[in-house]
Amino acid sequence: MSGHRCPIARVRGSKCQGSFRWIRHGLLRVFAPRAAAVLAFLLVFGLVGGWVLAGRMLAPLTRITGATRLASAGALSHRIRLPGRKDEFRELADAFDSMLARLEEHVAEQRRFAADASHELRTPLAISKALLDVARADPDHDSGEVIERLHAVNARAIDLTEALLLLSRAERRTFTRENVDLSLLAEEAAETLLPLAEKRGVTLETRGDITPAAGSHALLLQLTTNLVQNAIVHNLPDRGRVWVRTGVRPGGVVLTVENSGEKISPELAATFTEPFRRGTERVHTDHGGVGLGLAIVRTIAHAHDGTLALAPRPAGGLRVTVELPGA
């Protein structure tokens with residue numbers, strides 16, 4: 001064996017052990033500063049990179065949080081419109097924007113409805129006040145005529161109030177679902193409105209098989225009655241016709257009410273479900289109603305998870321189709 005090799009296990013305190021100490025000391029002196037510099041660089045780089053990465057990751061959440069605070073303060077017109085690739089944050093922001101759009105539309109509709117309802121309720125009250133003022137100023141005025149006009153005005157106010165209550169009840173969906181046959185409701189509505197149809201010279205035809213649906217008997221009867229009455233009132237002045245059909249389709253049931261009448265544009269037909277829209281552009285009649293007939297129909301249909309569709313007939317008149325889930 002050469003004398004340059006030094007077995008540490010047997011040679012302790014020798015010159016070879018001192019050589020190892022010197023080599024280790026040299027290595028530490030050379031590499032320790034560089035290792036410390038590398039560790040310091042990695043630490044700074046990690047902190048800065050983590051801060052930048054965290055900022056980029058949390059930026060979408062910051063924008064969503066800001067939009068939420070604006071929405072809670074009543075600013076529903078604000079949108080996030082988050083740019084970038086389609087990831088989880090983008091999907092969350094898009095869903096939030098869609099929710100804000102629907103909420104803004106709903107609030108605007110409710111405000112418009114409240115304003116229209118206030119105006120409609122104020123009109124009969126103003127008329128009643130005017131009639132009473134005239135009767136008080138002129139004691140010799142015919143009281144019978146005043147009483148008759150007050151009765152008509154109050155009856156209209158009562159009808160409007162009941163329609164508003166029915167509309168509110170349907171919107172809240174505070175009703176018990178039960179099995180209902182739409183064909184029987186159509187026959188009941190037609191039988192109830194037959195005197196009105198005969199008075200106006202309108203032929204009323206009802207046909208349909210057993211049509212089982214699930215919902216409120218009272219609300220669905222109101223829906224059917226409103227459709228049939230609307231078809232009778234907004235019809236030809238003479239020899240008008242109304243067709244009421246019920247049937248079963250895959251996945252649901254359908255109620256169709258058609259009537260003859262003047263030709264209607266699709267744009268005009270699309271506005272008939274708006275509250276207090278009386279269809280004055282169609283046929284002028286002496287039975288204007290309270291302007292909530294088709295609005296109530298739409299609300300009841302939506303409350304039963306159904307749909308309402310209005311389409312002009314090529315020969316004139318309107319076709320109204322209500323589709324509901326089957327029982």
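A residue is taken as buried when its relative accessible area is under 20%, as exposed when that area is over 50%, and as partly exposed in between. In this predicted model, R319 has a relative accessible area of 29% and is therefore partly exposed, whereas E258, at 16% relative accessibility, counts as buried. These two residues form a salt bridge in which the closest N and O atoms are 3.3 Å apart. The pair links distant parts of the chain, since E258 lies in strand β5 (residues 252-259) and R319 in strand β7, 61 residues apart.

Strand β7 (residues 318-325) also holds E323, which pairs with R249 of strand β4 (residues 240-249), so that parts 74 residues apart in sequence are tied together.

Within helix α2 (residues 88-137), D133 and K129 are four residues apart, about one turn of the helix, and their side chains meet in a salt bridge of 3.1 Å, N to O. K129 is exposed at 54% relative accessibility, while D133 is partly exposed at 30%; together with R136 they are linked in a network of salt bridges. In total, ten salt bridges were counted.

The largest nonpolar core comprises 52 residues, and those with the most contacts inside it are L227, I232, L292 and V322. Helix α5 (residues 217-233) supplies the largest share of this core, nine residues. Beyond its close sequence neighbours, V322 touches several residues, including L223, L227, V253 and L308. A second, separate core of nine residues includes L82, A93, F96 and L100.

Conventions:
Residues numbered from 1 in each chain as written. Predicted model: local features only at pLDDT ≥ 70, side-chain atom pairs only at ≥ 80, totals over all residues. Heavy atoms only, no water. Core = buried A, V, L, I, M, F, W, Y, C linked by side-chain atoms within 4.5 Å. Buried < 20%, exposed > 50% of the residue type's maximum accessible area, 1.4 Å probe, protein only. Helix = DSSP H or I, 4+ residues; strand = E, 2+ residues; numbered from the N terminus. Contact = heavy atoms within 4.5 Å. Salt bridge = Lys/Arg side-chain N within 4 Å of Asp/Glu carboxyl O. Lists of a residue's contacts leave out its neighbours within four places in sequence.
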